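Colleague: I would like to go through this entry feature by feature. Please give the rule each time, then the case.

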There are 2 protein chains.
Amino acid sequence: MDAQNKYMIEAISEAKAAAARGEIPVGAVLVNGLTGEVVARSGNQTETWRDPTAHAEIIVLQEGGKIYDAPRLPDCDLYVSLEPCAMCAAAISFARIRRLYFGAYDPKGGGVDHGGKFYGQPTCHHAPEVYGGIHEQECAAILKDFFKDRR
Amino acid sequence: MDAQNKYMIEAISEAKAAAARGEIPVGAVLVNGLTGEVVARSGNQTETWRDPTAHAEIIVLQEGGKIYDAPRLPDCDLYVSLEPCAMCAAAISFARIRRLYFGAYDPKGGGVDHGGKFYGQPTCHHAPEVYGGIHEQECAAILKDFFKDRR
């Protein structure tokens, strides 16, 4: 199994754990791209933490900053089960993440390939390399099942 | 002095305190729009906290969520000395902020009137009322002086 799959499967596992907490099931894994070491992993915590900003991506970027004692993480790659929203897309840019891998595309709320497409804006000063659609069907199914169960 | 000015002057004071810490001088004040009570105030803490997401707006939204024990703050208004970036614009939307007042416009990094203009995107599901240019010159001067001193 190549590394790309391994880390996305970890992100999917975080997404499933988030669903079990009643959170929108999105998971993220921050990886040191040079060593392959997992730096931080999380699912969404918005409802549990009562924090509108507590998306999985934001949480692992904050943890990564603490771990490396730096607000910029240029050697790190990020794996997310869903296309990041505008908030997270910009945070990923500010953190100087090297590569972004995501699972499902998000036409309703995505900010990378949808909406403002932040990385293509003149107001974006660092864009990661982006690889979308990794384990896309499984990542999308977790979300679909979650919302189906709630309706 | 009307309330709009009073709170923006508090945001400016937070921006100046941020400059003194070596942070990009932006300040934010979260206000309960129904009572007029200041809920949280902060300047940027990106460098100090080693946190790529620690913009003033993110910090006061996180504090507001804790204080009201809710990830959505529909009675709250936000005063910021600079046009929010894409990350903060989206976070403000997720927090269901009622009104956004900002000082200086930010053509290089703004996400409200520049870049992806998040509140006009179909991926944006709540837009605050937006009032830009409040104490614009003073807010812009703090940033200009900060970068002049660093060059």
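Colleague: How many aromatic pairs are there over all chains?

Modeller: First, the ground rules. This is a predicted model, in which local features need pLDDT of at least 70 and side-chain atom pairs count only at pLDDT 80 or more, while totals for chains, interfaces and linings use all residues. Residues are numbered from 1 along each chain as its sequence is written, chains are lettered from A and ligands numbered from 1 in the order in which they are written, and side-chain values use heavy atoms, with hydrogens and water left out.

Modeller: Rings of Phe, Tyr and Trp (its six-membered ring) pair if their centres lie within 6.5 Å; planes under 30 degrees apart are stacked, over 60 edge-to-face, and the rest tilted. By this rule there are twelve aromatic pairs over all chains. One of them joins Tyr7(A) and Tyr79(A): the ring centres are 5.0 Å apart and the planes stand at 50 degrees, so the pair is tilted. Tyr7(A) sits in helix H1 (residues 3-20) of chain A and Tyr79(A) in strand S3 (residues 76-82) of chain A, so the pair ties together parts 72 residues apart in sequence. Helices (H or I, at least four residues) and strands (E, at least two) are DSSP runs, numbered from the N terminus.

Colleague: Are Tyr7(A) and Tyr79(A) buried or exposed?

Modeller: Buried means under 20% relative accessible area, exposed over 50%, and partly exposed in between (1.4 Å probe, protein chains only). Both Tyr7(A) and Tyr79(A) are buried. Together with Tyr101(A) and Tyr131(A), they form one aromatic cluster.

Colleague: What area is buried between chain B and chain A?

Modeller: The size of an interface is often given as the accessible area lost when the parts come together. Here that buried area (1.4 Å probe, summed over both parts) is about 2600 Å², with carbon and sulfur atoms giving 63%. In terms of contact (heavy atoms within 4.5 Å), 35 residues of chain B meet 35 residues of chain A.

Colleague: How many salt bridges are there between chain B and chain A?

Modeller: A salt bridge needs a side-chain nitrogen of Lys or Arg within 4 Å of a carboxyl oxygen of Asp or Glu. Four are counted between chain B and chain A. Glu47(A) forms a salt bridge with Arg72(B), the closest N and O atoms being 3.1 Å apart. On the side of chain B that touches chain A, the elements giving two or more residues are helix H2 (46-49), helix H3 (56-68) and helix H4 (86-94) of chain B.

Colleague: Which residue other than glycine has a positive phi of about 40 degrees?

Modeller: Most residues other than glycine have a negative phi. Lys117(A) has a positive phi of about 40 degrees. Lys117(A) lies in the loop between strand S4 (99-104) and strand S5 (129-131) of chain A, and is partly exposed at 45% relative accessibility. His135(A) also has a positive phi, of about 50 degrees. This residue, His135(A), lies in the loop between S5 and helix H5 (136-150) of chain A, and counts as partly exposed at 26%.

Methods. Buried area = accessible area lost by both parts, 1.4 Å probe.
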